[in-house]
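Here is a short briefing on one protein chain.

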Amino acid sequence: MPAVLEVISNEELTSQRLLEIFRNAYMDAQVDSDGDLRLTLDGIKILVTVDQSRKLIHLISIFGVKPGATRQQILELCNRINDRLILIRAAFPSALPSPAVMLDHYLVTEAGLTGVEIVDDVRRFRTVISSVPPLNTD
């Protein structure tokens, strides 16, 4: 008989619960002083936030840009990423302290999720991010 996977309701999804899930999956995870969860997968840093009111988990990775890169070049890179890759969004947020490309993805938690689904989605996010470097042609 197959094992039954526990569905975690939206209300149960907190940074602490996610920390437990990621640590059980042998992932390098910690909660920062703001209560946000930070993961490091294959050297890539991922911020994981929970928005229970909107029923979402938000995955974010931020990458600095080459010194001297123009706004136009950064926006063109974001467009290439958005045109050619699925499951992530690329943006050039002006609110960051220094020029950077933000890659993010949302996971809907409305119907609840299993720990396996959450871990798989984070790994998939990391895999898609690994497809970005060849798109950086400037």
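A residue counts as buried when its relative accessible area is under 20%, as exposed when it is over 50%, and as partly exposed in between. By that scale Asn 79 is partly exposed, because its relative accessible area is 46%. The model is predicted, and the values below are computed from it.

**Overall fold**
- The chain holds three helices and six strands.
- Their order along the sequence is α-β-β-β-β-α-β-β-α.
- The C-alpha trace spans about 55 × 35 × 25 Å along its principal axes.
- Take the contacts between residues at least 6 apart in sequence: 56% of them join residues at least 24 apart.

**Surface and charge**
- The chain has 138 residues, and 41% of them count as buried.
- The chain carries 14 positive and 18 negative charges.

**Nonpolar core**
- In soluble globular proteins, nonpolar side chains tend to be buried together.
- Here the largest nonpolar core has 36 residues.
- Those with the most contacts inside this core are Leu 18, Phe 22, Ile 46, Val 48, Ile 57, Ile 81 and Ile 118.
- Two or more core residues come from each of helix 1 (15–24), strand 2 (37–41), strand 3 (44–51), strand 4 (56–64), helix 2, strand 6 and helix 3.
- Helix 3 gives the most, with six residues.
- Leaving aside residues up to four places away in sequence, Leu 18 touches Leu 13, Leu 37, Val 48, Val 50, Ile 57 and Ile 118.

**Asn 79**
- Asn 79 sits in helix 2, which covers residues 71–84.
- Asn 79 and Leu 135 are 56 residues apart in sequence.
- In space, their C-alpha atoms are 9.9 Å apart.

**Thr 114**
- Thr 114 belongs to the loop that links strand 6 (100–108) to helix 3 (115–129).
- Is Thr 114 buried or exposed? Thr 114 counts as buried, because its relative accessibility of 9% falls under the 20% cut-off.
- Which residues does Thr 114 touch, not counting those up to four places away in sequence? The contacts are Leu 5, Glu 6, Val 7 and Ile 8.

Conventions. Residues are numbered from 1 along each chain as its sequence is written. This is a predicted model: local features need pLDDT of at least 70, side-chain atom pairs count only at pLDDT 80 or more; totals for chains, interfaces and linings use all residues. Side-chain values use heavy atoms; hydrogens and water are left out. Helices (H or I, at least four residues) and strands (E, at least two) are DSSP runs, numbered from the N terminus. Buried means under 20% relative accessible area, exposed over 50%, partly exposed in between (1.4 Å probe, protein chains only). Contact means heavy atoms within 4.5 Å. Lys and Arg count as positive and Asp and Glu as negative; His and the chain ends are not counted. The place of a charge is taken as NZ of Lys, CZ of Arg, CG of Asp or CD of Glu. A nonpolar core is a set of buried Ala, Val, Leu, Ile, Met, Phe, Trp, Tyr and Cys residues joined through side-chain atoms within 4.5 Å.
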